[in-house]
Amino acid sequence: MKIKDTKGRTLKRFAAMSRPKKAKMWNYMYFWAANQKEAEITFKVLTCSPSQYMDYKLERIKEKK
């Protein structure tokens with residue numbers, strides 16, 4: 001399924017992930033972005049006050065065929 005924004009760009013799915021240090025399970029927050037640069041900006045907004053006790057990661061979600 002292809003999703004387009006108001007400018008006609010195809011959007012890709014990304015996940016902002018966080019977890020407490022030394023924990024095994026990640027918490028996911030999914031969002032759509034047109035490219036990696038926009039995703040990194042959104043990721044910074046979502047993790048605006050990073051904690052020294054947390055791990056953060058940004059990943060692109062691959063579409064299933």
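## The turn at Lys 22

Strand 2 and strand 3 form a hairpin with 6 residues between them, and Lys 22 in that turn has a positive phi of about 70°. Strands here are DSSP runs of E with at least two residues, helices are runs of H or I with at least four, and both are numbered from the N terminus. Lys 22 is not a glycine, yet its phi is positive. Lys 22 is exposed, at a relative accessible area of 85%; exposed means over 50%, buried under 20%, and partly exposed in between, with a 1.4 Å probe and protein chains only.

## Basis of the model

The model is predicted: local features need pLDDT of at least 70 and side-chain atom pairs count only at pLDDT 80 or more, while totals for chains, interfaces and linings use all residues. Residues are numbered from 1 along each chain as its sequence is written, and side-chain values use heavy atoms, leaving out hydrogens and water.

## Strand pairing

The chain holds 1 helix and 4 strands, in the order β-β-β-α-β from the N terminus. Two strands count as paired if DSSP finds at least two bridges between them. Strand 1 (residues 3–4) runs antiparallel to strand 2 and is joined to it by 2 bridges, with Lys 4 opposite Thr 10. These two strands form a hairpin with 5 residues between them, and Gly 8 in the turn has a positive phi of about 90°.

Strand 2 also pairs with strand 3 in the antiparallel sense, over 7 bridges; there Phe 14 stands opposite Phe 31. Strand 4 (residues 54–60) is another antiparallel partner of strand 2, again over 7 bridges, and Arg 19 stands opposite Asp 55 in strand 4.

## Nonpolar core

Phe 14 and Phe 31 both belong to the largest nonpolar core, whose 6 residues also include Ala 16, Ala 33, Ala 39 and Phe 43. Strand 2 (10–20), strand 3 (27–33) and helix 1 (36–46) each supply at least two residues of this core. Such a core is a set of buried Ala, Val, Leu, Ile, Met, Phe, Trp, Tyr and Cys residues joined through side-chain atoms within 4.5 Å.

Leaving aside residues up to four places away in sequence, Phe 31 touches several residues, among them Phe 14, Ala 16, Ala 39, Phe 43 and Leu 58. Contact means heavy atoms within 4.5 Å.

## Whole chain

Buried residues make up 23% of the 65 residues. The C-alpha trace spans about 40 × 25 × 15 Å along its principal axes.
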